[in-house]
Amino acid sequence: MRNSRNTLSKVLGRTDILAIGFGTMVGWSWIMMSASWVNEAGLLGTLAAFMIGSVIILGVGLTYGELTAALPLAGGEFVFAYRAMGKYSAWMVGWIMALAYLGVAAWEGIALATAVDYIFPISSAGPLWEVAGYQVYLSWSLIGIAGAVVITLLNFFGVRPAVIFQVMSTAVLFVVVLVIFFGSLVFGDIDNVRPLYTSFGGFSYVFLMVPAMLIGFDVIPQSAEEMNISPKNIGKMVIVCILTSLIWYVILIIGIAIAAPVEIRDSGIIPAADVTAYMLNGNIFSVVVIVGGIFGILTSWNGFFIGATRLIFSMGRAKVIPGIFGKVHKKYKTPWVAVLMVGAVCIFSPLLGRNALIWFMDTSSLCALFSYIFVVFSFIILKKNEPELARPLEIKGGILFGVFVLAVTIIYFMLYIGDNISTSSVSPEFIITIIWILCGVVLLVAAKRFGETFDSEKQELLIFGERFARKGGKNEK
C-alpha cells in the first residue's frame, strides 16, 4: 500500500516549545482583568483561586503530557480521541477544539485594535455597520486586519519565522511582568493589598476565569510532530508551560495588588497600564505595559494560530474533512491550506466590532473545557484498552487518577456554563458554536461523499503513520 501521508518538518527545540506554550497562555486578558481580580477577591482570594484552578488544569495537563509523549503527532485531541473512541468521536472533539483555538485567534485582532487605540487614538472614520449595538468603523477594523495578515504570512512561510517571532515576543512579556513586580516592591505600598480576602463570590469570579487564562498549553500537542526532542521531553514541556504560566500570573497579581490602592485599580480604562502609571508616576510607563500587552496579543495569536492550523491539518490528513486541508506546501513545509483558512477568519473577525471579543473568548473557554473532558476520557480508555502502548512519560495513579481528573473537569465545565452562558436567551456563544458544528458536518459529509475511498487500516496510517499505527486499523465508531 502506498503511503501518501503528508508530514511536517522537525525543527522545534525546548526554547521554541516553551515560547509557544507560555506565549499562547499569556495573551491580552491579563492587562484588562488582573486589577479586577484583586478588587473582587482580594490578594489572597485571587491567589487561592488561581492555585486551585491551576491544580485542576495541571491534572488535565498531566493526561495531555502522557498522551502527547505516547502519540507525538500533529492533531492532539483529535489523535487521542481517535485512538480511544473512533473516527466520529475524534471528529467531534477535534472540530470543537479547533473552534476553541480559532475563537481566540479571531478575537486577537479586536484586542490589538483596542490596545493600539489606547496609545494612538484611532479616528472613527469609515462607519460600516452596527453589531450588537456597537458601531464598527473601517479605521478601527483595519488595525486588526493588518495584524491578521502579518500573522498569516509568518505562518505561511514556515514555522521557523513564526517561532522566532514567538520567542522574541515572549521575552518581552517576562520583562514587563518583572517591571510591574519589582516596581511595586520599590514604589508600591503594602497597605494597598487590603482587603486580603473579600468573599466567596469574589473567589468564584476569579476561579471561573482561570481556564480562559490558562488555555494554550494544549497547543503543544498540536505541534508535537515538529518538535526535535524526545517524546518524553515533549510530554514534560506541557507541564513546564503550565507551571511557568502560573508563576508568571502569581508575580503579576502580587505586583498589581501592591502597586496601587483599590480606587486606582478600579478606575482605569486599561487597568494594568493605569496602575503602572500611578505606581511609577508617569504615563510613559503605562505605554510600556500596553506594549507588553500588545506582545502578549501577538504571542497568544501566533500560538493559537499554530494550534488551529495543525489541528485542521491533522483532520484533513485523516480525510475526516476534505483532504485539501491536509496539504503541505512543497517549499515551506507548512499546512498552507489550513493556514489560509484560519487567516481568513482572523482577517474577517475585526469587522464584527468590540463586542465580539467577549463572544469569542467565552466560546473558546467553553469549547476547550468540553474537549479537555474528552481528552481525559481518552486517557482512561487507553489505559484500559491499550496497556501495552509505549508511554515514555507515564503518570502515576493510572485509571484512578484519570477518573478523579475527569470528575473534577466535568464539575468545572458545568460551573462555567452556569456562570457564563445565558439561559434566558439564545447566547452569541451558542450561535457561534452551532454554526461551526454545522460547517464541520458539511465538511465531514463532503469528505465522505467526494473524497478518496479507503479502509480503516489506511486511515490508521494517515493519522498515526507507520510507527504508531495499530495493525488492522480498529476504529470506525
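This is a predicted model: local features need pLDDT of at least 70, side-chain atom pairs count only at pLDDT 80 or more; totals for chains, interfaces and linings use all residues.
Visitor: Why is Arg-194 called exposed, and why does Asp-191 count as partly exposed?

Guide: By definition, buried means under 20% relative accessible area, exposed means over 50%, and partly exposed lies in between (1.4 Å probe, protein chains only). Arg-194 has 59% relative accessibility and therefore counts as exposed, whereas Asp-191, at 42%, counts as partly exposed.

Visitor: What makes Arg-317 and Glu-225 a link between distant parts of the chain?

Guide: Their salt bridge has its closest N and O atoms 2.9 Å apart. The two residues are 92 residues apart, with Arg-317 in helix H13 (residues 283-317) and Glu-225 in the loop between helix H9 (219-222) and helix H10 (231-259); helices here are DSSP runs (H or I, at least four residues), and strands are such runs too (E, at least two), numbered from the N terminus. Arg-317, with a relative accessible area of 3%, is buried, and Glu-225 counts as buried at 5%.

Visitor: How do you know that Arg-470 and Glu-386 are paired, and which parts does the pair tie together?

Guide: The closest N and O atoms of Arg-470 and Glu-386 are 3.3 Å apart, which makes a salt bridge. Arg-470 lies in the segment after helix H18 (456-468) and Glu-386 in the loop between helix H15 (355-385) and helix H16 (398-420), so the pair joins parts 84 residues apart in sequence. Arg-470 counts as buried at 11% relative accessibility, as does Glu-386 with a relative accessible area of 6%.

Visitor: How do you know that Cys-346 is too far from Cys-367 for a bond?

Guide: A disulfide is a pair of cysteine sulfur atoms within 2.5 Å. The sulfur of Cys-346 has its closest cysteine sulfur in Cys-367, 15 Å away, and is therefore too far for a bond. The structure as a whole holds zero disulfides.

How values were computed:
Residues are numbered from 1 along each chain as its sequence is written. Side-chain values use heavy atoms; hydrogens and water are left out. A salt bridge is a side-chain nitrogen of Lys or Arg within 4 Å of a carboxyl oxygen of Asp or Glu.
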